[in-house]
Amino acid sequence: MSTDDGGGERDLRVLLGSMEPELNSGSWVFTTVAGPVPDGLDPVVTVAEAEGTTLVLPRAQADAAGLAYDFVAAWITLRVHSALDAVGLTAAFANRLADLGMSCNVVAGFFHDHLFVAEADAERAMHALRALAHEHRP
């Protein structure tokens with residue numbers, strides 16, 4: 001197995017063949033706030049941008065805090081430890097989903113890639129990702 005210092009896989013065929021998509025429970029939204037994360041919110045993703053701080057958090061938390069959003073997502077974790085400098089994994093699954101008319105917002109964690117797809121597309125996305133993995137297994 002080819003790896004970086006963190007143990008992540010770089011070989012695209014191995015990455016695709018061993019990825020196991022996992023659908024996390026709940027409904028997730030992207031919203032933005034000025035400044036730091038407000039008390040009482042527990043985002044799974046934060047991104048500091050010049051225009052504000054983007055938060056990805058459970059829809060119920062956004063609703064309770066009165067935060068606006070316009071995209072309700074399902075959260076899929078790809079259970080394969082990809083190296084951060086691996087080439088082609090994001091393109092492969094994004095192209096597969098795009099071919100099916102599905103958008104995909106991707107966040108790379110140290111260990112896994114996390115995909116946020118429209119909530120209505122969750123099962124179709126899972127099926128497509130499982131099929132992609134199956135196609136690359138020996």
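Arginine 124 is partly exposed, with a relative accessible area of 41%, where partly exposed denotes the range between buried (under 20% relative accessible area) and exposed (over 50%), computed with a 1.4 Å probe and protein chains only. The side chain of arginine 124 meets that of aspartate 121 in a salt bridge, at 3.4 Å from N to O; a salt bridge is a side-chain nitrogen of Lys or Arg within 4 Å of a carboxyl oxygen of Asp or Glu. Aspartate 121 is buried, at a relative accessible area of 15%. The model is predicted, so that local features need pLDDT of at least 70 and side-chain atom pairs count only at pLDDT 80 or more, while totals for chains, interfaces and linings use all residues. Residues are numbered from 1 along each chain as its sequence is written, and side-chain values use heavy atoms, with hydrogens and water left out.

The structure holds four salt bridges. One of them joins the side chains of arginine 10 and aspartate 85, at 2.8 Å from N to O. Arginine 10 lies in the segment before H1 and aspartate 85 in the loop between E5 and H3, so this pair ties together parts that are 75 residues apart in sequence. Helices (H or I, at least four residues) and strands (E, at least two) are DSSP runs, numbered from the N terminus. Both partners are partly exposed, arginine 10 at 31% and aspartate 85 at 45% relative accessibility. Another salt bridge is formed by the side chains of arginine 96 and glutamate 135, at 2.7 Å from N to O. Because arginine 96 lies in helix H3 and glutamate 135 in helix H4 (residues 122-135), the pair ties together parts that are 39 residues apart in sequence. Arginine 96 is partly exposed at 22%, as is glutamate 135 at 45%.

The aromatic residues were examined next. Five aromatic pairs are present; rings of Phe, Tyr and Trp (its six-membered ring) pair if their centres lie within 6.5 Å, and planes under 30 degrees apart count as stacked, over 60 as edge-to-face and the rest as tilted. The ring centres of tryptophan 28 and tryptophan 75 are 4.9 Å apart and their planes stand at 85°, so the pair is edge-to-face. Tryptophan 28 belongs to strand E2 (residues 28-33) and tryptophan 75 to strand E5, 47 residues apart. Both tryptophans are buried. Phenylalanine 30 and phenylalanine 116 also form an edge-to-face pair, with 5.5 Å between centres and 85° between planes. This pair links strand E2 to strand E7 across 86 residues of the chain. Phenylalanine 30 is partly exposed, at 25%, whereas phenylalanine 116 is buried, at 1%. Trp28, Phe30, Phe71, Trp75 and Phe116 form one aromatic cluster.

Strand E7 (residues 113-118) runs antiparallel to strand E6 (residues 105-108), to which four bridges join it; two strands pair if DSSP finds at least two bridges between them. Valine 106 has leucine 115 in E7 as its bridge partner. The hairpin that joins E6 to E7 passes through four residues.

Leucine 16, in helix H1 (residues 12-18), is buried, with a relative accessible area of 3%. Beyond residues up to four places away in sequence, leucine 16 touches Leu89, Ala92, Leu132, Ala133 and His136, contact meaning heavy atoms within 4.5 Å. Leucine 84, in the loop between strand E5 (72-78) and helix H3 (89-99), is exposed, with a relative accessible area of 56%.
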